[in-house]
Every structure is written in C-alpha cells, then in structure tokens.
Amino acid sequence: MPQPSVTVAVVSWNTRDLLTRCLKSLHPEVQRERAEVWVVDNASTDGSADLVAERFPWVRLIASPENLGFGRAINLVAGQTSSEWLATANADIALRPGALDAMLAAGARDPGAGVIAPRLVLPNGETQHSVFAFPTVPYSLILATGLYRLSATLGDRLAFVGHWDTEKARRVPWAVAAFLLVRRAAWDQIDGFDERQWMYAEDLDLGWRVHSAGWATRYEPRACVDHESSASTKQHFGPELAPHWQRSTYGYLARRRGVPRTKAIAGLNVVGALLRWAKLVPRSLRQPEPFREVRRAHWRWVLVHVDALRASPSNLRALR
C-alpha cells in the first residue's frame with residue numbers, strides 16, 4: 001500500500017455524534033489513499049472509543065485511559081507516523097468536499113508555509129474568526145486603546161475580530177488548531193506541540209515556534225471545514241471559555257516570551273478591559289436586565305488580567 005501523504009489525528013472527548021460526522025467526512029480521503037486517520041480518545045464516557053472500533057475499522061484507534069489534552073494526544077500520533085503532512089483535528093469538525101485538496105494545493109504553491117489553515121465555518125454558516133496576531137506589547141497597546149478601529153489596514157493586518165478579511169488567502173501569524181495541516185518538516189523541526197499547554201493556547205504556541213523556526217502559516221479560505229466550536233471544552237469548563245484560554249495564553253507568554261514582557265502585556269490588558277467594562281456601566285444602569293450579565297462577564301475578564309499581573313513568576317509559568 002502506498003504511504004498516504006496526510007495523517008489526520010483526531011482528538012475525541014465525549015462528542016460521539018460529532019465524531020461520527022467527522023469520520024464520515026474523512027472517509028473519502030481514506031478511500032482515495034490520500035489520508036490515514038487516527039483517533040485518540042481521551043477517556044470518553046459516552047462510548048466514543050467503542051463507536052470507532054465497531055463502525056470505523058479503517059481508523060487507527062488509541063483509547064487512552066486518561067485525558068491527555070489536545071497537544072499531547074496529537075504528539076502521540078505524530079510519533080508513530082511519518083507522512084509528509086500531519087493534520088490536527090478536533091472531533092467537532094467535518095471536512096467539506098475539496099477542502100483537503102485546496103489545503104494541499106496551497107502548501108504546494110507556498111513551500112515556505114509550514115502550516116495551512118482552512119476557513120472554519122460555524123453551524124450558522126458564518127466564518128469563524130480563526131486567525132490572530134501574536135500577543136505582543138505593541139499589539140496589546142493597540143487593543144487596549146482601540147487604535148485598530150482608526151485604520152482598516154491595521155485592523156486587517158493584525159486580524160482583530162470584525163476587522164479581518166476572511167476572503168483573502170495569505171500568510172498569517174497563527175491559526176486555531178481545530179483543523180490544521182502541518183508540514184512534517186516543520187513539525188519535526190519544532191518538535192510538535194508543547195505538552196505543557198494541556199488545553200488552550202497550544203496552537204498559539206505552535207504558531208509562534210513555527211514562525212520562530214522560519215516557517216509561515218498560510219490561510220486558505222477556499223478550503224472549508226465545518227466546526228461545531230468548543231463542543232468538548234464547554235462540557236469540561238462550562239459555557240464561559242474566555243478566562244480559561246486567556247490564562248493558558250499567559251502561561252505560554254511567561255514560558256516563551258519571559259515574565260517581564262508577560263507582566264507588561266497583562267498591565268495593558270487590565271487597562272483595556274477596564275475601559276471596556278466602564279463603557280458598559282451607564283448602559284447597564286439604565287437597562288439592568290440586558291446588560292447586567294454582560295457587565296459581570298467583562299469584570300471577570302478584568303480579574304483574569306489582574307491575576308496575571310499579580311501572579312508570581314513561578315505561578316505564571318505554571319499556567320496551562
């Protein structure tokens with residue numbers, strides 16, 4: 001049998017029905033001998049591992065007795081395969097026809113791209129904001145002051161939510177790992193995911209190390225992948241996910257960019273979050289019901305940044 005050019009590593013945790021959809025969408029690529037598919041089930045309790053074993057014999061299953069997190073599970077598959085490309089996949093994605101072809105074609109056109117990111121499409125049909133700039137001091141200053149609103153070019157270049165052109169194929173800083181195609185040469189050079197990022201910011205960390213190693217991340221909007229965003233993480237963390245990924249981001253920053261820079265970014269984020277919270281106060285006083293919970297959610301954001309600002313260096317580095 002020829003070696004497939006793509007290994008798809010699907011990480012599963014209690015999303016049985018979505019996992020079924022995901023694997024059905026990948027089967028045509030297996031039939032074409034384009035891809036091999038692995039599933040790492042992170043100790044699901046909904047029968048996901050049994051489902052794979054019984055209904056999808058063409059999938060290589062790793063039924064983990066513990067929840068390994070995302071990056072560690074992907075690394076487990078990467079260590080047992082050698083294909084030219086490695087695809088990271090949540091169980092809540094489904095490839096649309098032609099998506100993998102478009103991503104591979106983008107990689108062929110741009111040999112300096114170590115990562116190819118597709119357009120992620122939410123259940124309501126909207127394109128998910130899945131590309132971001134790296135959290136730096138200048139970026140945090142622009143975010144805190146809202147300067148990106150004054151320049152369409154700046155807002156698009158730094159990929160601010162609502163200001164980024166989702167229709168334009170191009171190189172980008174980094175992208176969400178719900179589904180990414182990673183060139184094996186780039187993956188091996190940076191040694192895969194950092195397993196200290198148990199959940200969240202592992203894709204940010206990967207993107208930073210890919211960039212630092214001289215590779216690029218390319219966004220290809222012609223490759224469409226359906227995404228039932230956060231299907232697993234909402235079960236684990238609850239509906240309010242932002243504080244969790246923000247804490248993980250601070251852990252990444254402290255380990256990769258140093259504590260002083262992390263503190264500076266946290267300080268700017270405190271200012272920005274306070275300004276956004278303050279803008280809501282008059283409105284929530286006039287109309288308590290629609291805005292009370294929004295104001296409280298914004299205040300929780302403030303506290304996340306304050307906690308990072310006050311944390312000891314060792315506690316910051318321990319965030320994951």
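At 6% relative accessibility, G207 counts as buried, and this glycine lies in helix α8, which spans residues 202–212. The model described here is a predicted one, with a mean pLDDT of 91 for the protein and 95% of its residues at 70 or more.

- The C-alpha atom of G207 is separated by 9.1 Å from that of V176, a residue 31 positions away along the chain.
- The classification of G207 as buried follows from its relative accessibility of 6%, because buried means under 20% relative accessible area.

**Packing of helices α5 and α11**

- Helix α5, made up of residues 137–145, packs with α11 at an angle of about 10 degrees, and the axes of the two helices are 8 Å apart.
- Because angles under 35 degrees count as roughly parallel, α5 and α11 are therefore described as roughly parallel to each other.
- On the α5 side the contact is made by V137, S140, L141, L143 and A144, while α11 contributes R261, A264, I265, L268, N269, G272, L275 and R276.
- Sorted by class, the residues in the contact of α5 with α11 comprise 8 nonpolar, 3 polar and 2 charged.

**Aromatic pairs**

- The count of aromatic pairs in the model comes to 9.
- In the pair formed by W277 and W299, the ring centres are 4.9 Å apart and the planes stand at 50 degrees, so the pair is classed as tilted.
- W277 belongs to helix α11 (residues 259–286) and W299 to helix α12 (residues 288–310), so this pair ties together parts that are 22 residues apart in sequence.
- W277 counts as partly exposed, with a relative accessibility of 24%, and W299 is likewise partly exposed, with a relative accessible area of 35%.
- Elsewhere, F70, W187 and F193 form one aromatic cluster.

**Confidence**

Note on methods: Residues numbered from 1 in each chain as written. Predicted model: local features only at pLDDT ≥ 70, side-chain atom pairs only at ≥ 80, totals over all residues. Heavy atoms only, no water. pLDDT = per-residue confidence, 0-100. Phe/Tyr/Trp six-rings, centres within 6.5 Å; stacked < 30°, edge-to-face > 60°. Helix = DSSP H or I, 4+ residues; strand = E, 2+ residues; numbered from the N terminus. Buried < 20%, exposed > 50% of the residue type's maximum accessible area, 1.4 Å probe, protein only. Axes fitted to C-alpha atoms, helices over the stretch in contact; angles between N-to-C directions. Parallel < 35°, antiparallel > 145°, perpendicular 65-115°, else oblique. Contact = heavy atoms within 4.5 Å. Nonpolar A, V, L, I, M, F, W, Y, C, P; charged D, E, K, R; others polar.
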